[in-house]
Amino acid sequence: MEPPNPQQFQQFLSSVLSQRGPSALPYAEDVKWLIRQHLLSLIDIYPSLQPKTASFTHNDGRTVNLLQAVGTVPMVYLDRPYNIPVIIWLMESYPRHLPLVFVNPTRDMVIKKPHPFVNPSGVVSIPYLQNWIYPSSNLVELVRNLSHFFGRDPPLYAKPNPSPRPTPTPHPPPSTSFPNHSSPVGSSGIRPAIPPRPVQQPPYGAVKQDDWEDVFRRNATDKLLVDLHNDIVGLRNAQEKDMDGLFNAQGVLKQREEQLKQGLKEMQDEKEGLEQQLQMVLMNSDVLEGWLRENEGKVTNLGNVDVDTAFEPCDSLSKQMLDCTASDLALEDVIYSLDKVIQGGAIPFDQYLRNIRLLSREQFFHRATASKVRAAQMQAQVANMAARTSQYAL
């Protein structure tokens, strides 16, 4: 069968990851692009693994449709190439959390017991999975590590003495369910098998004299792996502290950004207010300049100026305001004079009170009239300014 075109995988992943509604895959929307990139990079480097969707059953009985990479992981053991069939499940929280990896033995294979990285149910646990770090960890590095550790100690062996009776198909590992696979290239596929010369497993606990060097090498390698694991844990803790510091700094910067936006808005509002005041000042300046031009020639013709006729009201409201103000000030002077007189004892106190009451009553009426005239002048001024504004606008 012709190998699938990588473009078919791209179309398949774009289709399943873009679905919405009940049939949507349970991955976060902000990481779906990263999941697609991880799978495309994986099949580009390891074409023996193909992306599919299948139903996964959790330990609590929940069934969910997830993405998986199914196929074989190439490895080299004793200078011979082999292929280990695996299934890599991308769980709901992927890629923030590690995927779930199983070895998937065929009918003529058996899982090695015990194995340092594969339990009897087929679940794989290597240091790369234990130290999964988002977003740097990815599927390509995972498969590369699987190939390395499987090459050191293969997890699968051919059955030593197969029975003449047909061997039943091995059940899937616990807490998983693999029916209803869907693939971008069809429902049937050829699974690469382990080469015909499987490695025979020696009796458990037996170590030959000439294998001590290999045992020493493995122990040294395990010690290096432990040290590497500790270094990775320390590095991850340091990175987490750095990320916490960066997140805190980001929060402070966001707060300062809000403050700057608020300050900018206040300055813009103040600028608009100042522009309006500037328009008012320009309009008043035009009025004053016009008045000066009209009355500039009258200055040279002034002789003996009569104080009473020096100011001429421009309208009836101004004349009425001038009269009310003059009367109010005159009454104020009279009341002040009466205060001086009563202090000197020139008039009786009852006469002083009677005059003060009459003068205060008259002063009140003048002030009330002046207040009404002032309000009328303000209305007239507003109407005049509105007319000038429309004139300037045109």
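**Exercise 1. A pair of charged side chains**

Are Asp153 and Lys112 buried or exposed? Determine also where each residue lies, bearing in mind that the model is predicted.

*Solution.* Step 1: both Asp153 and Lys112 are buried. The cut-off for this class is a relative accessible area under 20%. Step 2: the two side chains meet in a salt bridge, with 2.7 Å from N to O. Step 3: Asp153 belongs to the loop between H4 and strand S6 (156-158), while Lys112 belongs to the loop between strand S5 (109-111) and H3, so the pair ties together parts that are 41 residues apart in sequence.

**Exercise 2. Further salt bridges**

Describe the salt bridge of Arg62 with Glu92, then that of Arg144 with Glu141.

*Solution.* Step 1: in the pair Arg62 and Glu92, the closest N and O atoms are 4.0 Å apart. Arg62 sits in the loop between S1 and S2 and Glu92 in the loop between S3 and S4, so this contact ties together parts that are 30 residues apart in sequence. Step 2: Arg62 is partly exposed, at a relative accessible area of 44%, and Glu92 is partly exposed at 22%. Step 3: for Arg144 and Glu141, the closest N and O atoms are 2.5 Å apart. Both residues lie in helix H4, three residues apart, which is about one turn of the helix. Step 4: Arg144 is partly exposed, with a value of 36%, and Glu141 is likewise partly exposed, with 30%. Step 5: the structure holds 12 salt bridges; Arg20, Glu29 and Lys32 are linked in a network of such bridges.

**Exercise 3. The buried face of H1**

Which residues of H1 are buried, and why do they line one face of the helix?

*Solution.* Step 2: its buried residues are Phe9, Phe12, Leu13, Val16 and Leu17. Step 3: viewed down the axis of H1, these buried residues fall within an arc of 110 degrees, so they line one face. Step 4: their cover includes helix H2 (32-45), strand S1 (49-57) and strand S2 (63-77).

**Exercise 4. The S2-S3 hairpin**

How many residues stand between S2 and S3 in their hairpin? Describe the pairing and the turn.

*Solution.* Step 1: S2 and S3 run antiparallel and are joined by 11 bridges, with Tyr77 opposite Arg80 in S3. Step 2: the hairpin has two residues between its strands. Step 3: Leu78, in the loop between S2 and S3, has a positive phi of about 55 degrees although it is not a glycine. Asp79, found in that loop, has a positive phi near 65 degrees. Most residues other than glycine have a negative phi. Step 4: Leu78 is exposed at 65% relative accessibility, and Asp79 is exposed at 75%. Step 5: S3 is mostly covered, with eight of its 11 residues buried. S3 also pairs with S4, in the antiparallel sense, over four bridges; here Trp89 stands opposite Leu100.

**Exercise 5. Cis peptide bonds**

Where do Pro95 and Pro135 lie, and what is omega for the bonds Tyr94 to Pro95 and Tyr134 to Pro135?

*Solution.* Step 1: Pro95 is in the loop between strand S3 (80-90) and strand S4 (100-103); its cis bond with Tyr94 has an omega of about 5 degrees. Step 2: Pro135 is in the loop between helix H3 (127-130) and helix H4 (139-152). The bond from Tyr134 to Pro135 is cis, with omega near 5 degrees. Step 3: most peptide bonds are trans.

Note on methods:
Residues numbered from 1 in each chain as written. Predicted model: local features only at pLDDT ≥ 70, side-chain atom pairs only at ≥ 80, totals over all residues. Heavy atoms only, no water. Buried < 20%, exposed > 50% of the residue type's maximum accessible area, 1.4 Å probe, protein only. Arc of directions from axis to C-beta. Contact = heavy atoms within 4.5 Å. Pairing = 2+ DSSP bridges.
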